[in-house]
Amino acid sequence: MDKSPAKTLFPPFPFTPQPVPVATDRFDFEKWKHEPSGPVILKGKLADWPLFQDLKNCAGDDARLDYLSSTFGNEKVGYTRVPIKDPFMGYDEHGNQNFKYAPLSCTLSEFCSLMRSALRDPNSDILYARGGANAVRTWKGISQAIRPLEFLRDMEPSGEGIWLGTGRHISYLHQDSLFNFFAMITGVKRVLLYPLEAIGDLYPTPYFSNIAGTTSSFVQPCAPDSQRFPHFQNAAKHAFVATLEEGDLLCLPPCWWHYVEAAPGLNWMINAFVWALPPRKVWEFQNMMRESIGTALSLSKEEALAVRNRLYHQEVNNVPAASILSRPAETLLQGMAAFLGPDIPGYWQRIARSYYDHYVFQLNGHPVSTYPERHTNWVRQERSLPQRFRQWYRFNRSLWCMRWQRKRARGIVP
């Protein structure tokens, strides 16, 4: 009988995802980070972390809470309460965000006391603390208690986070434009994964918007509403699942969708975001996507198809690749073509094509079919000068903060 954590700690999905492969001794990480074929789990990479060993030697969650409180008790944490009757942190039935990441704050020692009470009461709210983008490097005690992962050397971190809670919470299906490395310190999590090309069946939000500035999905995969999301069942053929136990490291390529569930009990994960392209290139891509989505709306379907044919060097549907284009169409073509050139890694070119076909050329129908008015509002807002300035400011502030913190303390990425 299968007694794996996934079978005993989590409810079954209404479909059968493929397991994420566990790396063997022959796994070539250098090759993977230049051309990632998909997610992979690495075992044993956290064994030399004092933090991991100390928690592993604790006799149970009470002892782990004592250790955290005594070792890192003065650190400040921001946290949220999630009702046990609805542990899904994502969107409600009206498509509105149903939680805030960290509306409350206290010391870690105080948070451990709150978690101790919650873990003893099965009807208690779920407690979940989310460290900021640079949390590992700003929490000096934790920075000293982990070891940088040497195989990540030469990769540039974008942010590092701390995720600590009492378990049973569920994080919405979303994706990030970065490599993501999940280091499971204590507890168990299950991660449902889809490649970006499944986007047409995942009912996404407008491009790169809504919760935490990521492209998200309105679907709850554990209990999908087949009336509202009839095409979601088609995504099952793309689905993967990873069950992360203590000491596991999940390596996730850029733009892979992930839906994260925490098993009951104390859960602590540290993650690192790593740039997939040079930061300025990522900024250029995001700006190009915002402009392209808006520009494409001004073109006829025929001219948009002609742009796509030229972009992919195709001649289909009786629209030759050499069709004469209007000035907006030529601008659109040039902008998108810049991210399909030989200087762009192959995996990012595939990402670009998925975004182009869904949001710009709308091959899957309306790109935000569940709430089309949100797409209309997003296009208008994203092209405004105040919004562009805010995006520029936030991007550069985050980039500066991470690089400054990197000089002051170590994190997962050397």
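Glu160 is buried, with a relative accessible area of 0%; buried means under 20% relative accessible area, exposed over 50%, and partly exposed in between (1.4 Å probe, protein chains only). This is a predicted model, in which local features need pLDDT of at least 70 and side-chain atom pairs count only at pLDDT 80 or more, while totals for chains, interfaces and linings use all residues. Residues are numbered from 1 along each chain as its sequence is written, and side-chain values use heavy atoms, with hydrogens and water left out.

**Salt bridges**

The partner of Glu160 is Arg137, and their side chains meet in a salt bridge of 2.9 Å, N to O. Because Arg137 lies in helix α6 (residues 135-138) and Glu160 in strand β7 (residues 157-165), the pair ties together parts that are 23 residues apart in sequence. Helices (H or I, at least four residues) and strands (E, at least two) are DSSP runs, numbered from the N terminus. Arg137 also counts as buried, at 2% relative accessibility.

A salt bridge is a side-chain nitrogen of Lys or Arg within 4 Å of a carboxyl oxygen of Asp or Glu, and by this rule the count comes to 18. Three of these pairs are set out below.

| Pair | Distance, N to O |
|---|---|
| Arg137 and Glu160 | 2.9 Å |
| Glu261 and Arg190 | 2.7 Å |
| Arg308 and Asp357 | 2.9 Å |

The salt bridge between Glu261 and Arg190 joins strand β14 (residues 257-262) to strand β10 (residues 189-194), so it ties together parts that are 71 residues apart in sequence. Glu261 is buried at a relative accessible area of 3%, and Arg190 is buried at 4%.

In the salt bridge between Arg308 and Asp357, the arginine belongs to helix α9 (residues 301-311) and the aspartate to helix α11, so parts 49 residues apart in sequence are tied together. Both Arg308 and Asp357 are buried. Elsewhere, Asp62, Asp66, Arg116 and Arg120 are linked in a network of salt bridges.

**Cavity and pocket**

On a 1 Å grid over the protein atoms alone, a cavity is a set of points where a 1.4 Å probe fits but cannot get out, whereas a pocket is an open set with protein on both sides within 12 Å along at least five of seven lines; lining residues have an atom within 4 Å of a point. There is one cavity of 30 Å³ or more, and about 40 Å³ of space lies in the largest cavity. Its lining includes Gln175, Tyr207, Phe285 and Trp348. Helices α8 and α11 (346-360) are the elements that give two or more residues to this lining.

Helix α8 (residues 279-296) has 18 residues. Of these, 13 are buried, so α8 is largely enclosed by the rest of the structure.

The largest pocket has a volume of about 1300 Å³. It is lined by 43 residues, of which Arg130, Phe208, Ala212, Gly213 and Thr214 lie nearest its centre. Helix α13 gives the most to the lining of this pocket, with seven residues.

**A residue of helix α13**

Is Trp392 buried, partly exposed or exposed? Trp392 lies in helix α13 (residues 385-408), and at 41% relative accessibility it counts as partly exposed.

Methods. The expected span of a helix is 1.5 Å times one less than its number of residues. Grid points are joined across faces, edges and corners, and a volume is the space filled by probe spheres set on the points.
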